[in-house]
Amino acid sequence: MEIKQAVEKGLMLPLMEAFYTIQGEGTFTGHPAYFIRLGGCDVGCVWCDVKESWEAAKWPVLSVEEIVDGALQYPGRLVVITGGEPLMYELGPLTALLKEKGFTTNIETSGAHPFSGQFDWVCFSPKKFKEPHPSIFEKADEIKVIVFHKSDFDFAEKHAKKVQPSCKKLLQPEWSKSDKFTGEIIDYIKNHPDWNISLQTHKFMDIP
Ligand SMILES: C[S@@+](CC[C@H](N)C(=O)[O-])C[C@H]1O[C@@H](n2cnc3c(N)ncnc32)[C@H](O)[C@@H]1O
Ligand SMILES: Nc1nc2[nH]cc(C(=O)O)c2c(=O)[nH]1
Ligand code: SF4
Ligand SMILES: [Mg+2]
């Protein structure tokens, strides 16, 4: 089978990097996790902290077996699939193999592409730069909105209306604007206690 067809089927995927670290953001903050960062994103967030991931063709294409072998080298059994935008790919084969090997599977996604894969926890981080695909709303376990502008509070409320009632609601300051917006998020959630704050704690710890 050609590589292009194998990627379409999700049997091979472009891998930018993979690393064992501590989940820095969201509900699983503090948990050791193996991160699988797939290459390629067409969302184009102006403040994206991994712009080098955007061009899929820059990254080697690996089989899902090779990717899962990487994860098996470490003692932790939590995997976070991120990117780039991981839902640009069919994630069924990768997540099926991870589940078969006993991993808990989490995803970080903008939700801008149709949902695929078997996930234990879905972090949905909607973006103004590309509308979410409707398939994400029933799948999201947490909605994590990045606050870069004051209008992002209304954007967060608008998207939070579309997820399941059990979905956790998180506001995370955009890193370069965190001096301004951390305080505003604190005031906001004290007045809107259904929201929680999420910080990029790995950046404070200076770890990947
Ligand atoms: C790099 S993205 C990759 C996954 C997916 N494309 C997404 O956006 O959810 C991983 C997480 O980092 C967040 N993020 C990216 N750049 C950020 C920044 N400058 N400040 C705060 N969070 C950021 C995203 O919103 C997302 O929740
Ligand atoms: N430690 C750590 N935690 C993270 N949580 C989400 C990340 C991401 O880039 O998807 C990330 C990351 O890049 N590093
Ligand atoms: S969707 Fe995610 S990876 Fe893509 S540009 Fe936005 S933050 Fe970066
Ligand atoms: Mg990151």
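Predicted model: local features only at pLDDT ≥ 70, side-chain atom pairs only at ≥ 80, totals over all residues.

Residues are numbered from 1 along each chain as its sequence is written, and chains are lettered from A and ligands numbered from 1 in the order in which they are written.

Lys127 sits in the loop between strand E6 (121-124) and strand E7. Helices (H or I, at least four residues) and strands (E, at least two) are DSSP runs, numbered from the N terminus. Not counting residues up to four places away in sequence, Lys127 touches Val43, Cys45, Ser110 and Ala112; contact here requires that the C-beta atoms, placed from the backbone, lie within 7 Å.

Ligand 1 is surrounded by 18 residues, of which Asp49, Glu108, Ser110, Ser125 and Trp175 are the closest. Strands E4 (78-83), E5 (104-109) and E7 (142-147) each supply at least two residues of the shell around ligand 1.

Around ligand 2 are Thr21, Ile22, Gln23, Gly24, Glu25, Phe35, Thr82, Glu108, His202 and Pro208.

The table divides the shells by class. Ala, Val, Leu, Ile, Met, Phe, Trp, Tyr, Cys and Pro count as nonpolar, Asp, Glu, Lys and Arg as charged, and the others, Gly among them, as polar.

| Shell | Nonpolar | Polar | Charged |
|---|---|---|---|
| Ligand 1 | six nonpolar residues | seven polar residues | five charged residues |
| Ligand 2 | three nonpolar residues | five polar residues | two charged residues |

## Positions annotated in UniProt

An unreviewed UniProt entry lists Trp47, Cys48, Asp49, Gly84, Ser125, Pro126 and Lys127 under "binding site". UniProt positions are given in the numbering used here, feature names are shortened, and annotations may be inferred rather than shown by experiment. Asp49 lies in the loop between E2 and E3 and is partly exposed, with 13 C-beta neighbours inside 10 Å.

For "binding site", the unreviewed entry also lists Ile22, Gln23, Gly24, Arg37, Thr82 and Pro208. Gln23 is in the loop between E1 and E2, and the place of Gly24 is in the loop between E1 and E2 as well. Gln23 is buried, with 21 other C-beta atoms within 10 Å. Gly24 is buried, with 21 other C-beta atoms within 10 Å.

Leaving aside neighbours within four places in sequence, Gln23 is in contact with Phe28, Thr29, Gly30, His31, Ala33 and Val80.

## Helix H2

In helix H2 (residues 64-72), the residues Val64, Ile67, Val68 and Ala71 are buried. Seen down the axis of H2, these buried residues fall within an arc of 95°, so they line one face of the helix; the arc is that of the directions from the helix axis to the C-beta atoms. An α-helix has 3.6 residues a turn, so residues three or four places apart point the same way. The cover over the buried residues of H2 includes strand E1 (12-22), strand E2 (32-38), strand E3 (61-63), E4 and helix H3 (92-100).

## Phe115

Phe115 is found in the loop between E5 and E6 and counts as buried, with 20 C-beta neighbours inside 10 Å. Leaving aside its neighbours within four places in sequence, Phe115 is in contact with Leu87, Ser135, Ile136 and Lys139.

## The chain as a whole

The chain has six helices and nine strands. Its radius of gyration is 17 Å, close to the 17 Å that the globule rule gives for 208 residues, so the chain is as compact as a globular protein of that length. The radius is taken over C-alpha atoms, and the rule is 2.2 Å times the number of residues to the power 0.38. Of the 208 residues, 38% count as buried. Among contacts in the chain with a separation of 6 or more, 62% are between residues 24 or more positions apart.

Conventions:
Near = placed C-beta within 6 Å. Buried ≥ 20, exposed ≤ 12 C-beta atoms within 10 Å, placed from the backbone. Contact = placed C-beta atoms within 7 Å.
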